[in-house]
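Please open the structure in your viewer and keep the selection panel at hand.

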Amino acid sequence: MANNAVIIGTGSYLPSRVVTNQDLEAEIDTTDEWIRTRTGIRQRYIASDNEPNSYLAVKASEHALNMAGVRPSELDLIIVGTLTPDMPMPSVACLVQKELGALKAGAFDLSATCSGFLYGLAVADKFVRDNRKMKVLVIGSEVLSRRVNWEDRTTCVLFGDGAGAAVVTGTRDRRGILSTHLHADGRLWEFLTIKALGTACPITPEILDKGWQYIEMSGRDVFKNAVRALEAVTWEAIKTNGWTSDDVDLLICHQANMRILDYLRERLGLPEEKVFINIHKYGNTSAASIPIALDEANRSGRLKPGMNLLMVSFGGGFTWGAVAMEW
Ligand code: UT7
């Protein structure tokens with residue numbers, strides 16, 4: 001009999017400092033009205049200097065493990081989707097492993113930008129289908145505030161920090177993860193970048209002057225590609241499972257822009273209550289956005305056993321993907 005992967009615990013963590021649109025109005029040439037109407041964002045959480053990525057990831061993981069009733073020592077694998085690790089080496093996953101005391105677990109980071117959590121779930125799904133006893137901790141965690149140029153109004157108003165996590169294990173029942181869909185188009189990489197801090201360009205005063213250590217985005221190009229790819233992958237997941245859009249009980253999309261969420265909802269003909277929205281509270285938290293939303297939907301009772309859940313993401317690379325589940 002085939003094994004299926006189920007999520008048995010979710011958790012999330014936000015740093016304590018809130019930065020509102022009004023706070024930003026006082027610092028840069030922007031308005032609450034522009035940010036709200038163009039993006040839906042009202043505030044975002046920003047990590048303090050002593051809260052690196054791994055700190056947020058550990059907190060979210062503890063909540064997920066508690067809900068799952070799983071001890072860190074039982075974990076077999078830790079996967080962290082992130083584009084803002086504490087440092088290039090070691091991985092955030094190894095720091096989380098150490099902090100949790102999950103010493104039996106393998107640990108690695110996965111680089112798929114905003115799609116990191118769904119890519120991580122797809123990897124966990126494969127391991128658990130092989131061995132249903134495995135327990136995998138999948139995390140999406142970001143401290144984007146350290147990679148944002150706070151003088152660039154076209155990006156700094158958009159992003160926030162946070163982390164979310166899920167504990168995945170196996171079952172013989174036909175439920176849990178039904179299908180995973182991963183896509184990428186590296187030809188379009190230049191539309192969304194952090195060009196420096198890797199090995200492609202040296203860290204020189206000239207490079208730092210150009211601001212290549214920060215997120216740069218061609219917003220309209222990302223928007224156009226995001227709506228196209230998200231709609232396509234959503235239909236792909238629906239058709240793969242023999243569903244119609246009516247069969248989707250809850251859609252959790254990467255929270256990048258309210259207008260993208262509205263577009264998807266209209267194209268799918270879904271009522272408002274079937275599309276999860278929390279972008280107003282957190283902004284775009286990249287790989288953390290879907291697991292934070294998943295945890296909120298789970299803890300608030302919005303997700304109920306037997307529901308068809310569809311999660312879809314899009315981000316730099318470009319990467320995009322979907323995970324369809326029976327909750
Ligand atoms: O997480 C990965 C996926 N990311 C996304 O999906 C993001 C996709 N893109 C977007 O969400 C939108 O493109 C943005 C929210 C980033 C920008 O919205 P837009 O409607 O595409 O605005 P725009 O970039 O075309 O800018 C319109 C105007 C410009 O002024 P002019 O040239 O028309 O005079 C900008 O300079 O708005 C100006 N502007 C701002 N004004 C006030 C840009 N940022 C701001 C700002 N405050 N913060």
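Helices (H or I, at least four residues) and strands (E, at least two) are DSSP runs, numbered from the N terminus. The model is predicted: local features need pLDDT of at least 70 and side-chain atom pairs count only at pLDDT 80 or more, whereas totals for chains, interfaces and linings use all residues. Residues are numbered from 1 along each chain as its sequence is written, and side-chain values use heavy atoms, with hydrogens and water left out.

**First selection: asparagine 21**

Select asparagine 21, which lies in helix 1 (residues 21–25). Is this residue buried or exposed? Asparagine 21 counts as buried because its relative accessibility is 0%; buried means under 20% relative accessible area, exposed over 50%, and partly exposed in between (1.4 Å probe, protein chains only).

Next, display its surroundings. Leaving aside residues up to four places away in sequence, asparagine 21 touches Asp32, Ile35, Arg36, Ile41, Arg42, Gln43 and Arg44, where contact means heavy atoms within 4.5 Å. Its side chain makes polar contacts with the side chains of aspartate 32, at 2.9 Å, and of arginine 44, at 3.0 Å. A polar contact is a pair of N or O atoms within 3.5 Å; within protein, one must be able to donate a hydrogen and the other to accept it, and residues adjacent in sequence count only if both atoms are side-chain atoms.

Move to helix 3 (residues 53–68), whose 16 residues reach 23 Å from first C-alpha to last. This is close to the 22 Å expected at 1.5 Å a residue, the expected span being 1.5 Å times one less than the number of residues. Colour its buried residues, among them Leu56, Val58 and Leu65. Their cover includes strand 1 (4–13), helix 4 (92–100), strand 6 (136–142) and strand 7 (162–171). After helix 3 comes glycine 69, with a positive phi near 70°.

A nonpolar core is a set of buried Ala, Val, Leu, Ile, Met, Phe, Trp, Tyr and Cys residues joined through side-chain atoms within 4.5 Å. Select Leu230, Leu251, Leu310, Val312 and Phe314, which touch the most other members of the largest core, a set of 41 residues. Helix 8 (219–240) and strand 12 (308–315) are among the elements that each supply at least two of its residues. Helix 8 gives the most, with eight residues.

Finally, centre on valine 312, whose contacts beyond four places in sequence include Leu118, Leu230, Leu251 and Ile290.
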